Amino acid sequence: MRRVAYYKGCLASLSAKELDTSTQALAPRVGLELIELESVTCCGAGDIHEAEPDYYLHLNARILAYAEATGADTLLTVCNVCTLNLRQANWQLKNDEALRERVSTNLQRVGVPPYNATVEVRHLLWEIAEGEGYELLKATAHRGLKGLRIAPFYGCQILRPSKILGFEDPDRPWSLERIIEACGGEAIDYPAKVKCCGFPIIQAREETALGELIQPIEQAKDAGADAIVTPCPLCHLSLDAWQSKLRAATGKDFRMPILHLSQLVGVAAGLEESELKFPLRHLLTIGGAVSGAAASRGPAPEPSSGVEL
Amino acid sequence: MAHAIAPVPGSTTMELALKIWRYNAETGAKELRRYEVEAPDWATLLDVLDIVKDKHDGTLAYRKSCRMMICGSCGMRMDGAAVLACKTRMWDIAQSGHEPVISPMGNLPVVKDLVVDMSPFWGKIRAVKPWLEPGYDEVAEKERIVSQQQMNVIHKEALCIMCGCCVSECNSMESDPEFLGPAALAKGFRFVGDARDQTAPERLSDLNSEHGIWDCTRCYFCNERCPKGVDPRDAIAKLGAESIKEGIDHDMGAKHAKWFVTSAKTTGWLRETELVPKTQGIVSAIKQTKFALGLAKRGKVPPPVPPHVADRVKESRALYNLVKEQGRDGALGIVQGEHALGRIEFTEEAGVRELAPELQPGVEPPHAEG
Ligand code: SF4
Ligand code: SF4
Ligand code: SF4
Ligand code: SF4
Ligand code: FES
């Protein structure tokens with residue numbers, strides 16, 4: 001069991017608790033012992049980076065410092081945006097001693113442990129797409145997805161900028177496909193899997209954002225996907241909750257189930273439904289398909305947000 | 001990318017095949033044509049196109065001039081990704097046997113084959129007033145000195161060669177063609193951040209218009225594609241930070257960004273229920289309420305009371321006050337980290353790695369068509 005510091009981020013702490021629950025349930029199966037960070041805050045998404053960049057750096061340094069204080073060498077994330085924010089701050093602190101000195105001194109002045117830049121930030125996706133995590137995943141995914149057709153949606157900030165993320169080719173990523181296949185599913189291919197879902201501007205520029213959001217959902221649907229899986233709870237939120245707005249705006253009703261990565265793997269690993277916390281309707285399709293009913297697909301479920309406007 | 005070791009330049013030739021999207025705007029005819037060429041080992045994509053044009057098909061149209069990554073003429077897509085043809089060596093691709101698909105840049109109208117109409121691009125560059133407004137017109141007695149430190153602030157943005165590779169893949173521009181876009185906004189910061197320019201507040205308020213900085217969806221395609229390391233997305237973040245520093249925060253995007261700051265220093269976690277009213281103003285907030293209530297019913301938004309407060313959140317508030325005292329507000333907060341980010345090495349930890357061995361998806365890359 002490898003001990004890693006675990007940063008949930010806002011979404012898994014609050015509105016996407018099912019991401020946290022399923023991650024906690026899955027972790028031991030893939031060789032990870034999670035040390036939950038208690039005293040941390042939001043990483044600021046791209047927003048604090050854009051509003052108060054010096055504060056962004058300090059907030060993220062604080063998270064990194066508490067991760068370092070656990071003695072773990074890895075900080076595990078379950079959100080694309082957290083991953084980029086923390087890695088970007090980490091690279092700045094690692095590669096510039098004077099900057100690290102200043103930030104670390106500031107941290108200590110307010111009672112936070114110093115940061116010596118010994119931590120590596122890694123997304124759960126990377127932990128289970130290769131190495132020991134992948135071997136364990138293959139062994140644990142015994143229930144299999146039984147041919148379920150899954151569309152991988154990467155989102156932006158786990159791929160780009162590749163200089164900072166650096167795990168895989170941002171134009172031809174492979175990690176989600178590899179995981180889907182290891183779980184016995186069939187990975188659907190479609191061009192928008194590496195594009196943006198529009199989340200960052202979904203409130204400030206809804207129309208522009210919906211123009212982005214529709215692409216992955218429509219393409220995945222056309223390619224015959226049963227569900228979309230994403231490693232990012234923000235992508236999850238827009239892909240899932242905004243389907244009703246998409247319907248209102250375009251008249252197209254996709255009813256595409258959206259899964260967190262940990263839920264998808266959890267299904268294949270045979271975790272209890274209570275641990276995965278699916279919205280009921282998702283459970284019906286996914287659970288049904290897994291237990292062998294894949295052949296007789298009924299009508300697609302409502303998205304979990306099925307909110308009338 | 002293949003792993004074959006490149007030969008001593010000029011010592012051998014390579015054979016490669018490529019497919020090019022041919023397009024005639026007058027007739028609307030479109031065709032993917034395949035060419036097989038023999039080229040020197042050192043050939044770039046531009047060299048290969050020259051060979052195609054010289055030896056195989058004189059009707060092929062594309063732009064070029066400097067052949068050395070400085071004029072910005074030769075932007076085009078290879079396998080769906082915008083590149084400078086003259087910067088793209090073909091040896092590895094030839095060795096792998098892969099046949100790349102060449103197409104014109106995106107987000108710009110195609111004129112013929114690989115030539116796009118750059119006028120929308122130039123229109124947006126012009127819209128950001130790409131000239132210095134130093135606030136004087138008399139000739140000075142002595143030269144006016146600008147320190148290296150001052151110039152460092154706009155060093156990256158000044159590297160732009162206006163090739164359009166960033167614009168080609170901009171996800172927001174696909175959805176809102178009027179978006180000023182990465183190149184023009186990077187140019188905008190090049191002047192906002194220039195110590196000699198006297199019009200930063202006016203410039204910032206222009207860039208805060210409807211199709212300005214807050215239209216950016218942070219897809220980071222621009223940073224990924226830029227062949228000169230401009231990192232336009234970072235330039236946009238600098239403009240956002242400068243705007244907020246100047247109190248230009250009327251846009252919903254700015255309010256949204258500021259709300260994250262408030263959340264981080266009060267409860268520590270994003271207060272999502274309050275985000276909608278904070279960013280959209282009260283009228284649209286009421287319209288959103290049904291939607292938000294729907295989300296809440298499904299556990300997508302935590303109930304408003306009691307607020308979820310992070311442990312030791314006092315620290316993050318104290319940190320905020322401390323940082324504000326140190327006065328690295330605005331773009332400086334991003335500029336200060338650039339030196340370090342520029343030093344990221346492409347080791348296993350950072351930098352693009354190979355495909356998984358058993359998984360070489362025969363994937364048609366994103367937007368491979370013109
Ligand atoms: S990226 Fe979002 S979800 Fe992740 S911690 Fe930051 S604000 Fe929260
Ligand atoms: S797709 Fe959108 S929400 Fe998801 S990571 Fe990219 S920017 Fe963020
Ligand atoms: S920012 Fe980079 S990609 Fe965009 S036009 Fe300038 S040089 Fe080209
Ligand atoms: S990050 Fe913003 S400006 Fe850059 S390509 Fe994406 S949407 Fe366009
Ligand atoms: S020919 Fe000038 S940049 Fe390529």
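Contact here means heavy atoms within 4.5 Å. The structure is a predicted model, in which local features need pLDDT of at least 70, side-chain atom pairs count only at pLDDT 80 or more, and totals for chains, interfaces and linings use all residues. Residues are numbered from 1 along each chain as its sequence is written, chains are lettered from A and ligands numbered from 1 in the order in which they are written, and side-chain values use heavy atoms, without hydrogens and water.

In chain A, residues 24 or more positions apart account for 77% of the contacts with a separation of 6 or more. Chain A has 15 helices and eight strands; these are DSSP runs (helices H or I, at least four residues; strands E, at least two). Of its 309 residues, 72% are buried, that is, under 20% relative accessible area with a 1.4 Å probe, protein chains only.

Chain B comprises 15 helices and seven strands. Buried residues make up 52% of its 370 residues. Among its contacts between residues at least 6 apart in sequence, 67% join residues at least 24 apart.

One helix pair links the chains. The axes of H4 (residues 53-69) of chain A and H13 (residues 313-325) of chain B come within 10 Å and cross at roughly 140°. H4(A) contributes A:Asp54, A:Tyr55, A:His58, A:Leu59, A:Arg62 and A:Tyr66 to the contact. H13(B) contributes B:Glu315, B:Ser316, B:Leu319, B:Tyr320 and B:Val323.

Technical notes. Axes fitted to C-alpha atoms, helices over the stretch in contact; angles between N-to-C directions. Buried < 20%, exposed > 50% of the residue type's maximum accessible area, 1.4 Å probe, protein only.
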